[in-house]
Amino acid sequence: MRLACSECGVDAASGSLFCSECRGLLEFRLDPAPHDVHALRLLFKERRASNDSLDQSGVWRFRELLPAIAPEHVVTLRENAIPVYRAQAGAVYADATRLAYLHLGMNPTASFKDAGMTVAISSARSRGSRVAICASTGNTAASMAAYAARAGMSAIVLVPAGGVSEAKMAQTLDYGATVAAIDGDFDRALEIVRTFDSERVAIVNSINPYRIEGQKCAAFVLLESRRWNAPDWIVVPGGNLGNTSALGKGFREARDLGLLTRIPKIAVVQAAGAAPFANVFRDGGDLVPVEAETDATAIRIGAPASWRKALGEVRASDGTVISVGDDEIAEARAIVGRDGVGCEPASAASLAGLRKLREDDTIARDDDVVLVLTGHVLKDSAYAAAFHASVARLANKIVRLPDEAALRALVDRASAVYA
Ligand SMILES: *Cc1c(COP(=O)(O)O)cnc(C)c1O
Ligand SMILES: [Zn+2]
């Protein structure tokens, strides 16, 4: 694998984050070396029965397709051992007959960031870095803090004051990171982080190409669960757009290696108050940053760093980009909960987006669709609690029973439903 500029293509030194010629983001390029795809599929599958920690990771299990890092430097929490669930309530809600959730919130720190972080922190450790730093709306912070703790590195996090869920903050503090709240938003925090020298401290935001390599493995896990058959569509929430870039790269590489015959169309869903990518997809030209505002804090990002890479992936897949309102996200999130699965607000943008894409028939009723759920329901328990105490249609209020007879009557009524 070689590291190159994603824009002008010149080679880059490992450890750097930007192209020395054009300042573009870097990316790893897989050698088109011939692989025996049957042997490769079998190898990936056999590793799932192994007790080796690398084999139990849904990232390192695919190490032939990752940048080389010596096993003794790998820091893993067995990330990406993630389920694909059939969507039931979600399918009815969106009027889609073949629907599944790829639940990346079932990762060790409860978001997809772990799949990228294991590679970014392992690479930093192999280079001898002592300090990791990131800007975060919460999940990158929690993930970096956990992996840095395992690696014996110091972790420093910049967050927008008041812009991160309590649960994510508590989790990050628990793993021992130093958390610095700033007065600006996420975009400002990332701007500050980008001024550090990446040779001195490990910058582990998704501008770090090692993050993208780890996150692309979610595509492999999904494909493997489907005997290497791609769905028609994959729907993913978009914030800083690292994950869109990563998933697109994963599918393309799988196709180029001969592991699958066609790639899925990628639909990216943004929150209406933070939708600069939906704008640039519609209008063309360069991305125009916005002042981001949405209750889905994980995608409250106005100047997405990976927009060029992501746009390339969406176009290469013949996909689309749309936005949905916060009310639509709130209702869709409650539906994912009714499926016994649950997710945080940003993740539910995918179901809200699918519903919209079904309404205008961009996605057909019988298309084979996978929704990416990016974070766990407990990542923003305050949001869920407030929703259920509200007047929303799907709010599920706590009941007060006057006496035991009322409880017995309640049980009788519930039993009658199944009689
Ligand atoms: C980080 C994150 C996103 C956004 O992903 P990008 O790669 O920034 O587009 C969406 N949902 C959750 C839960 C996240 O943590
Ligand atoms: Zn360049």
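The buried residues of helix α9 are C217, A218, A219, F220, V221, L222, L223 and E224. Buried here means under 20% relative accessible area, with exposed over 50% and partly exposed in between (1.4 Å probe, protein chains only). Helices (H or I, at least four residues) and strands (E, at least two) are DSSP runs, numbered from the N terminus. Just after α9, R227 takes a positive phi of about 55 degrees.

The structure is a predicted model, in which local features need pLDDT of at least 70 and side-chain atom pairs count only at pLDDT 80 or more, while totals for chains, interfaces and linings use all residues. Residues are numbered from 1 along each chain as its sequence is written, chains are lettered from A and ligands numbered from 1 in the order in which they are written, and side-chain values use heavy atoms, with hydrogens and water left out.

The domain assignment of the protein chain gives domain 1 (1-33), domain 2 (40-110 + 211-383) and domain 3 (113-209). Such bounds come from an automatic or database domain assignment. The centres of domain 1 and domain 2, taken over C-alpha atoms, are separated by 24 Å. Across these two domains, 8 residues of domain 1 are in contact with 12 residues of domain 2. Contact means heavy atoms within 4.5 Å.

The structure holds 2 cavities of 30 Å³ or more. On a 1 Å grid over the protein atoms alone, a cavity is a set of points where a 1.4 Å probe fits but cannot get out; a pocket is an open set with protein on both sides within 12 Å along at least five of seven lines; lining residues have an atom within 4 Å of a point. Grid points are joined across faces, edges and corners, and a volume is the space filled by probe spheres set on the points.

The largest cavity contains about 320 Å³ of space. Its lining counts 29 residues, and F112, K113, N240, A298 and I301 lie nearest its centre. Both domain 2 and domain 3 give residues to this lining, so the largest cavity lies between them. Helices α5 (139-151), α8 (209-215), α10 (242-257) and α14 (345-359) each supply at least two lining residues. The most comes from α10, with 3 residues. By class, the lining has 9 nonpolar, 17 polar and 3 charged residues. Ala, Val, Leu, Ile, Met, Phe, Trp, Tyr, Cys and Pro count as nonpolar, Asp, Glu, Lys and Arg as charged, and the others, Gly among them, as polar.

The second largest cavity holds about 60 Å³ of space. Its lining residues include G15, S16, L17, R127 and Y210. Domain 1 and domain 3 each provide at least three residues of this lining. Strand β8 (202-203) and helix α8 each supply at least two. The lining divides into 6 nonpolar, 4 polar and 1 charged.

The largest pocket has a volume of about 370 Å³. It is lined by 19 residues, with R194, A303, P304, A305 and W307 closest to its centre. Helices α7 (186-193) and α12 (307-316) each supply at least two of the lining residues. The pocket lining has 9 nonpolar, 3 polar and 7 charged residues.

Two single positions were examined next. N139 is placed in helix α5. N139 counts as buried because its relative accessibility is 4%. Leaving out residues up to four places away in sequence, N139 touches S111, K113, K168, E344 and K379. N139 and T109 are 30 residues apart in sequence, yet 8.1 Å apart in space, C-alpha to C-alpha.

H103 is found in strand β4 (residues 98-103). With 0% relative accessibility, H103 counts as buried. Beyond its neighbours within four places in sequence, H103 is in contact with I82, P83, Y85, V341, G342, L373, G375 and H376. H103 and C343 are 240 residues apart in sequence and 8.5 Å apart in space, C-alpha to C-alpha.

Helix α15 (residues 381-388) has Y383, A384 and F387 as its buried residues. Seen down the axis of α15, these fall within an arc of 95 degrees, so they line one face of the helix. The arc is that of the directions from the helix axis to the C-beta atoms. What covers the buried residues of α15 includes α13 (326-338) and α14.
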